[in-house]
Amino acid sequence: MPAPPDHDPHAVAERVARESYGRLLSHLALRWRDVSAAEDALSEAFAAALATWPAAGVPQRPEAWLATVGRRKLADQMRGLAIRHRLDLEAFEAVEAVAPPDEPASDDRLRLMLVCAHPAIDASVRPALILQVVLGLDVKQMASAFLTAPDTLNKRLVRAKAKIKATRMRFEEPGPAALAERLHVLLEAIYAAYFIGSEGSLVDGDQHDTLGKDAVYLARLVATLLPHRAEALGFHALLLFSEARRAARTDARGDFVPLLEQEVSRWDGEMMRTAYELLATAAALEQPGPFQLEAAIHGAHCYRARSGEVPWREIALLYRSLVATHPTTGAIVGMAIAAARAASDPSAGLAILGELAPDVVRTYQPYWTARAHLLAEAGRLTESILAWEQALGLTTHPRLRRHLLRQLEAARDQTH
Amino acid sequence: MEFMLLFNQPADVLEQRRDDPDAAEYWESWRRYMHEIYGAGVVKSGNALESPYLATTVRVRDGKRQVHDGPFADTKELLGGYLVIDVASLDDALRWAALSPSSQTGSTEVRPVSARLDEE
C-alpha cells in the first residue's frame, strides 16, 4: 500500500502497521510456514523502522521496506536455528533464494486465514488466531472479549502456531471443493468473533465493540479476496445487515431492544443497501449456502423498514431451507418462531420446539425465550412464566436480564 | 511373543517435558530405561510421540470426514510413546513395564500384539 508522504516516522509506522500488518505477516509466514517466527521478525522490522526512519527519513515505499527488513530478520533467525540444530544449510539457502530482494509484499492473507481455520486447529482458538495474524491484535486486547485469562489465551495461540509448524500444514490454497468447506470454517470463526464482540457490547456498551468492527473488516476482506465465492459475499451481507441495526438495539436508557420492537428509522439504510446488493451478486453466482440463507433472513427482517411489515411467510421458507442443510439449534428455534407467525398459530411453533432434544435446549437461552413468547400467545400463561424464568436464569448480561425481567413481570401481571 | 508397551503419562508431565529446565532428570530416567531395554535385545520397534496438543483426531460419519484438534479423548493420562517387545511371557513384559518411568507418574499398558494375521 503506497503511503501518502508523511514526515512523522511514528505516524507512518503506525499507519503501515494498521493497514498492512496482515499482508506483511502472511508474506513472511508463508516463507517458512512458521507464524511465530514471522511475528517476531515483523516486530523487529517495525522496531528497526522506528529506530532508523526519524534520522534517515521515511522510505518511499514503507511497506516494501518493512517486508525486506522482515525477510532479512526472518532469514537470520532461521539460519541461526539451522546452525544450532545442525540442519542442512543448503536446503536453507534454497528457500532463501526464492524471493528477489525488495519484491513488494504479496497479499497472502487469504492463505494464512485458511490455515488458521484448518479443522485440525482447536475451534475455540480460531477466531482469536485470525484476529491476531490479520490485524495484529494482541492477547491483552482480546482476552477480556473472549472471557479468557490472557495467559490461557496466549498458551492456546502459541500451541496453535506450534501445531501449524510441527505438522507442516499446507499453505497452498485448497482446490475448489475443499475451498468451500474451509471457507465455511473460516467464516464461522469470523462469525464467532463478531458474536463475541456484540455479546460483549451488551455488557459494556457499543463503544467497546471493536471486536465486532474488526470482524466486519475481516468479512469484507474475505469477500474482496474471494469475489466469486457466493458464501463469502453472503457472509459479508449478513454482518452488514446486523451492523445496520446496531444503533437500534438499545434504547435511550441503554436497555436492550429486541429485533421486532426496534425503530426502523434508526437502522442504517446505506449499510442495508450494500448488504442487499452483495446478496444479489451472491445469488447470481448460483452457489447456495447457509450464510446466504441467514443473510436473506436478516434481509427479510430489514424489509420492515420499507413495508412496515415482517414478511413471515418468506422468513419461514428461508428457515426451512436453512434447517434442511444446517439444522443448528439456533436455526430450528428461529424456524419455530417464523412458522408460528406465518401461520398465525403459536402451536405450529411450539410443535417445532417440542422436537428438540431436552438436553440440547436445557441451557440454550433463545429456546426458552421463544418458548415463553409462543406459550403466552397460546394463552398458556403459567407455563410461559416458567419459561421466562428459565431464560432469565441462563442470562448474565445485565441489559438482557433487565429486558427479560420486564417480560417476566408483564407475564405475571397478566395472570393476576 | 510380542507385546506392545504403551507409555501413558499425565498431561502436565507430557507438556512440561519439552521446555522445562528441570526436565533433565526426566529425560535421564528415560535414557536409562531405553538403554537397559534395548541392551536386553527385546525391542522390535518403538517411538516417542510429540505432545498431545499436536494431535489431530479423524472420524468418518455418514461418509463425511470430521477432523478435530487434540487426542481422541480428554483423559488425565495420554499416550507419550510405545515400544513393541518380544519376550517369552506376559510376566516378562510386565517386568519391563514396571521399570518404565511412565509407570512412576502415569501408567504403562501391556497388550499382546495380535498374531492372527500371521498364522492364517
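Glu286(A) is exposed, at 69% relative accessibility. The residue is not a glycine, yet its phi is positive, at about 55°. This is a predicted model. Chain A has 21 helices and zero strands. In chain B, strand 3 and strand 4 pair in the antiparallel sense. A search over all chains finds zero disulfides.

- Glu286(A) sits in a loop of chain A.
- That loop runs between helix 12 (269-284) and helix 13 (290-302).

**Hairpin in chain B**
- Strand 3 covers residues 56-61 of chain B, and strand 4 covers residues 64-69.
- Six bridges join these two strands.
- One of the bridge pairs links Thr56(B) to Asp69(B), which belongs to strand 4.
- Two residues lie between the strands of this hairpin.
- Asp62(B) is in the loop between strand 3 and strand 4.
- Phi of Asp62(B) is positive, near 50°, in a residue other than glycine.
- Asp62(B) has a relative accessible area of 86%, so it is exposed by the over 50% cut-off.

**Cysteines**
- The whole structure holds zero disulfides.
- A disulfide is a covalent bond between the sulfur atoms of two cysteines.
- Cys116(A) has a relative accessible area of 1%, so it falls under the 20% cut-off and is buried.
- Cys302(A) also counts as buried, because its relative accessibility of 2% is under 20%.

**Chain A: fold and extent**
- The secondary structure of chain A comprises 21 helices, with zero strands.
- The C-alpha trace of chain A spans about 80 × 45 × 45 Å along its principal axes.
- Chain A has 416 residues, and 50% of them are buried.
- Take the contacts in chain A between residues at least 6 apart in sequence: 65% of these join residues at least 24 apart.

**Chain A: surface and charge**
- Chain A has an accessible surface of about 20,200 Å².
- Carbon and sulfur atoms account for 55% of that surface.
- Chain A carries 47 positive side chains and 51 negative ones.
- The centres of the positive and negative sets in chain A lie 3 Å apart.

Key. Residues numbered from 1 in each chain as written. Chains lettered and ligands numbered in written order. Predicted model: local features only at pLDDT ≥ 70, side-chain atom pairs only at ≥ 80, totals over all residues. Heavy atoms only, no water. Disulfide = S-S within 2.5 Å. Buried < 20%, exposed > 50% of the residue type's maximum accessible area, 1.4 Å probe, protein only. Pairing = 2+ DSSP bridges. Helix = DSSP H or I, 4+ residues; strand = E, 2+ residues; numbered from the N terminus. Contact = heavy atoms within 4.5 Å. Areas by Shrake-Rupley, 256 points an atom, 1.4 Å probe, with all protein chains shown as cover. Lys, Arg positive; Asp, Glu negative; His and termini not counted. Charge placed at Lys NZ, Arg CZ, Asp CG, Glu CD.
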